[in-house]
Structures are given as C-alpha cells and as structure tokens.
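This briefing describes a structure for a reader who is new to the subject. Please keep the sequence and the model in view while reading.

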Amino acid sequence: MDIKVNVREAPADCYVVDLSGEIDVYTSPKVKDAIGTLIDRGVYHLVINLEKVRYIDSTGLGVLIGGLKRVREHGGSVNLVCTNPQIKKIFDITGLVKIFGIFESEDTAMKALA
Amino acid sequence: MKPAVERTAPELVELRIPSRPEWVALARLAAATVANRLHFSIEEIEDVKLAVAEACTAVIQHERHGEFIELACEARGDSLRVRVHDGGRHGAPAAEPARMNFDEARIAGLGIFLIRTLMDEVSYDVNPQLGTDLLMVKRAGSAP
C-alpha cells in the first residue's frame, strides 16, 4: 500500500497535485508534505486530482482541509477532481462537499479556480 | 450463485497488529475479506474497511494507546461483528493534558462520525485495567 504524489505546474499560477493510491494514517503525511511545500512556495491555487485514489480516511480528509484552510488565508482555493463514487460518498456524508469544489474533470476544476 | 464455501456456523477471524500506522491497511484488508465472505456489496465492504481503519487510527492517535491492536471479525448470519481492542489505559486519569490541538481533535471527531454513520451499531466498553473495546456491527443491505 502506498500513495504516489505528482505535482504539475498549470497555467495561471495554478498547480495540479495528482494523487494515486490509498490515503490513510500511514500515507497522509506524504500528501501533507507535498501540499505544504507548494503553499510554502506561495502557491495558493491548487487542483488536487483524486481520480486514481482508491481509498481515503479522516486523516486524508484532514490533510485536504488543512491545505484549504492555509490557502484561504491567502485568498486561494483548492478544487478537487473526483469520480470515484465511494470517495465522493465520504465527502457527501461528512458535509465536505460544501467546502470543497468537487469536479468530474481536471479541466472543469481548473476553470472553476479562475 | 452458490457460494464456494457454505457457512454453517459463525466464522471468526482474529488479528493482532502493532499499534502503528503502517499496519492499519492489514486490519482493513482482514475486515474486508470477512465482509466479502458475507457477500456484502462493494459499497458495504468499503464502509467496513473505512470504519475499521478509523477505529484503528483512533487508537493509534490516542496518547496512551497500547502496544497492539486486537481485531476480531465475526461473520454471523447476514451480519459482520467487529471488535477493536486497545489494551491502553484510556480510563486512567491523564498524567498530563492531551497534546492534540483543536484541528487534530476535529479530525478525530470526523473519524468517530464516519464510524457511526457507516456502521449499523456502535458501542464502547472502557475498562481502566483491561483497555477499550469498540464494537461495531454491519448488516448486509444497510449501506447509507
């Protein structure tokens, strides 16, 4: 079990963070580090692509919430790309659909950042 | 389709893992395997995986957890009964204040909320000497 993290620069001062694998209490620190490093560098507009994430728990949600909180302090935003029904269900039942922008494709998530 | 193995009696799977993050995946895999034996839907199996992982994570994040987490998954009828035992002394008075900050506490609360939402029955048994048991039941056909 592992998580793969890939960071890509996108147009308009935006970065995309591709996550692949499982985000839990063991792997979430790696995700937290990647997002934190971007924010430390002054990147406040992020698209986090969860399309290849098979599993996420509360520690993973906590990392995403923490990242959103930090970028919002700088007027930034975090949009998520999520098509896995089971992952979407977790965002639904925790009410996090109301604080994250959740999109079916990277393209729409990027456009919504603007 | 007839199951490959007929279940005529309750089946019990027990697992003991170190109370460390790298072992949580094994606990949820074990629970998922037993849920699969009950022919739970994929959604129900995912619910069980998440609830078991949240329970183990809650143990690991507790300041006074024990060295091991004991997991018992019992398939009985159309129900899966899961017990997560932590031998840590949760009931004992804290020698020092918890180090969890506000945000960490909120996330921990999210984990408990998920367990209560995804499982049909949830109860605790806290014994200062023996540790804490979290008991959870999931029935087939009950995914929220």
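Predicted model: local features only at pLDDT ≥ 70, side-chain atom pairs only at ≥ 80, totals over all residues.

Which residue in β3(B) stands opposite B:I69? The residue is B:D86.

**Chain B as a whole**

- Chain B contains three helices and five strands, and along the sequence these follow the pattern β-α-α-β-β-α-β-β.
- Of the 144 residues in chain B, 34% are buried.
- Among the contacts in chain B with a separation of 6 or more, 68% are between residues 24 or more positions apart.

**The sheet of chain B**

- The five strands of chain B form an open sheet with antiparallel pairing, and their order is β1-β2-β3-β5-β4.
- Strands β1 (11–18) and β4 (121–127) of chain B stand at the edges with a single partner strand each, so one side of each has no neighbour in the sheet.
- From one strand to the next, the twist averages 15°.
- Strand β2 (residues 68–76) and strand β3 (residues 79–86) of chain B run antiparallel and are joined by eight bridges.

**Helices that pack on the sheet**

- Helix α1 (residues 24–37) of chain B packs on the sheet and touches β1, β2 and β3 of chain B; the direction of α1 makes about 5° with that of β2(B).
- Helix α2 (residues 42–61) of chain B also packs on the sheet, where it touches β2, β3 and β5 (131–139) of chain B; the direction of α2 makes about 15° with that of β3(B).

**How the two helices meet**

- Two packed helices are described by the angle between their axes and the distance between the axes.
- The axes of α1(B) and α2(B) cross at roughly 145° and come within 8 Å, and the crossing is right-handed.
- Residues of α1(B) in this contact include B:A27, B:A31 and B:A35, while those of α2(B) include B:I45, B:V48 and B:V52.
- The residues of the contact between α1(B) and α2(B) divide into 10 nonpolar, two polar and three charged.

**The contact between the chains**

- Chain A contributes 13 residues to the contact, and chain B contributes 19 residues.
- On the side of chain A that touches chain B, α2 (58–72) and α3 (85–93) of chain A each supply at least two residues.
- The most is given by α2(A), with five residues.
- That side of chain A comprises five nonpolar, six polar and two charged residues.

Conventions: Residues numbered from 1 in each chain as written. Chains lettered and ligands numbered in written order. Contact = placed C-beta atoms within 7 Å. Helix = DSSP H or I, 4+ residues; strand = E, 2+ residues; numbered from the N terminus. Nonpolar A, V, L, I, M, F, W, Y, C, P; charged D, E, K, R; others polar. Pairing = 2+ DSSP bridges. Axes fitted to C-alpha atoms, helices over the stretch in contact; angles between N-to-C directions. Left-handed = near helix turned anticlockwise from the far one by under 90°. Buried ≥ 20, exposed ≤ 12 C-beta atoms within 10 Å, placed from the backbone.
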